[in-house]
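Here are my notes on the model you sent.

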Amino acid sequence: MSVPLHGPDSDVGDLGERTVAWINNHLLGSPVGVIGNKPALDRALAGSVTDAGLGLDQAWQCFEQIVAPNNIGLDSDRFLAFIPLSPSVASVWMDTIVSAGSFPAESWLEGAGAVAAENQVIDLFCRTAGMPAGAGGCFMSGGSIGNLSALAVGRERSPDRRKVAVADTAHASVDNALHLLGLEALVVPTGPDCRLTREALCDTIRDRTDVGIVVATGGSTNAGVIDDLAACADVAADIGAWFHVDGAYGLAALLLPELRDRFNGLERADSFIVDPHKWLFSTSGSCALVYRQPDLARQVHTQHGPYIDVLRTGEDVFNPCDLGYQLTRRATGLPVWFALALHGIDAHRDAIRRGIELADAMADALDAHPLTESILRPELGVVLFRRDGWGREHWTRWAKDLMTAGTAFVAPTTHKGEAVGRLVFMHPSTPSTVIDEIMVSLTG
């Protein structure tokens, strides 16, 4: 007879103790990691799923010695590629509780406590952005689905206008969302500063009458540039278009009083997103999606069916599933809520500032050496730069050497068609010494 999977008779031995010990050790700091070898991993894990099961010791050995070590450490303080993860200790432990408690967050009926806590974070973003009374939103599992959900609402506001004005610097998820929604991007070229401006929008749109949505970015992923949100809002208003701001990466910097002016115009957005798992130091899988008029989203996203209509309670105004594409969803807003409740906003502000300070210091070092130069002065935590005489092959080899040495995980990129270096500073524990180490790797 097989062992029970649930309750006190479930045969897991000391799995709980092993798990807590593993998490505690990981929270001390994770390495840069490795890129796993597929044939080797396939061989090592072959036969791990059996009819009878491996038992705790062998199953844990597979995890601890094969699965866990063969990953890149996205939460490492030396992960300087893509957009890093740097979840706080508090958010990690609360995320563990979310999993253990199976807290649902799709409806008020099922998860009133979890949804109410998530709404506190949504309210923080609404207040800080200067949104009007009545604005609201929900959490989604990431920026891609947040953008998709918001753009679906924008599409329904002008169903006959299928063009979407979007900068050539927009995140790939925006283009993918437009494809899924049957919309077409009207790509707006940006200038040397990579910023979407009124002039660029007007030059591209001209006298067109088929543009129903304008998308701006509150901190572009590739270059960390904040678009001219006020000008974008003006253009959207002039043509009667929905105005959406993708702030998945950079919009958390809105919380810094000294940077608030850079986001002027956000208060006029019809929708915007920000991912707490990026620069609010939460665990992965969270996106705060905000609407100026949530009722418009409910008209688009509310699902109906014999077994889910019961979700429409007297408090249905709080149903996250009525505001976005997702139905079933973990309460991924709870970790960031708990960390904010525990440590306060100021602690998170200081952690955000640390990434900006490191980016500035990196740019200074690059500009001080005759062989290197920053391409744009960092506005947030992204540094784009050149190295004299280097092309794509040099950048690829440089990234590989840094990972092999355990110095950092980096990922070069392209800027206006040119292969360049790119570093992203977000983890507040990243040592400043990594700047000197990177400079040696570029010039030594």
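1. Helices α1 and α4 are roughly antiparallel to each other, because their axes cross at roughly 160° and an angle over 145 degrees counts as such. Helix α1 covers residues 15–27 and helix α4 residues 89–101, and the two axes come within 11 Å. The crossing of α1 and α4 is right-handed. Bear in mind throughout that this is a predicted model.

2. Which residues make the contact between α1 and α4? From α1 they are V20, I23, N24 and L27, and from α4 they are V89, V92, W93 and T96. By type, the contact of α1 with α4 has 6 nonpolar residues, 2 polar and no charged.

3. The crossing of α6 and α7 is right-handed.

4. On the α6 side, the contact is made by S144, N147, L148 and L151. Helix α7 contributes S173, V174, A177, L178 and L180. The contact of α6 with α7 divides into 6 nonpolar residues, 3 polar and no charged.

5. Is I375 buried or exposed? I375 is buried: its relative accessible area is 17%, and the cut-off for buried is under 20%. I375 sits in the loop between β8 (372–374) and β9 (382–387).

6. Setting aside neighbours within four places in sequence, I375 is in contact with L384, F385, R386, H415 and V420. For orientation in the model, I375 and A52 are separated by 323 residues in sequence, and their C-alpha atoms are 58 Å apart in space.

7. As for the whole protein, there are 15 helices and 11 strands. The radius of gyration is 23 Å, close to the 22 Å that the globule rule gives for 444 residues, so the protein is as compact as a globular protein of that length. The C-alpha trace spans about 70 × 65 × 40 Å along its principal axes.

8. Buried residues make up 50% of the 444 residues. Of the contacts with a separation of 6 or more, 72% are between residues 24 or more positions apart.

Conventions
Residues are numbered from 1 along each chain as its sequence is written. This is a predicted model: local features need pLDDT of at least 70, side-chain atom pairs count only at pLDDT 80 or more; totals for chains, interfaces and linings use all residues. Side-chain values use heavy atoms; hydrogens and water are left out. A crossing is left-handed if the near helix is turned anticlockwise from the far one by less than a right angle, and right-handed if clockwise. Helices (H or I, at least four residues) and strands (E, at least two) are DSSP runs, numbered from the N terminus. Contact means heavy atoms within 4.5 Å. Ala, Val, Leu, Ile, Met, Phe, Trp, Tyr, Cys and Pro count as nonpolar, Asp, Glu, Lys and Arg as charged, and the others, Gly among them, as polar. The radius of gyration is taken over C-alpha atoms; the globule rule is 2.2 Å times the number of residues to the power 0.38. Buried means under 20% relative accessible area, exposed over 50%, partly exposed in between (1.4 Å probe, protein chains only). Axes are lines fitted to C-alpha atoms, for helices over the stretch in contact, and angles run from 0 to 180 degrees between N-to-C directions. Angles under 35 degrees count as roughly parallel, over 145 as roughly antiparallel, 65 to 115 as roughly perpendicular and the rest as oblique.
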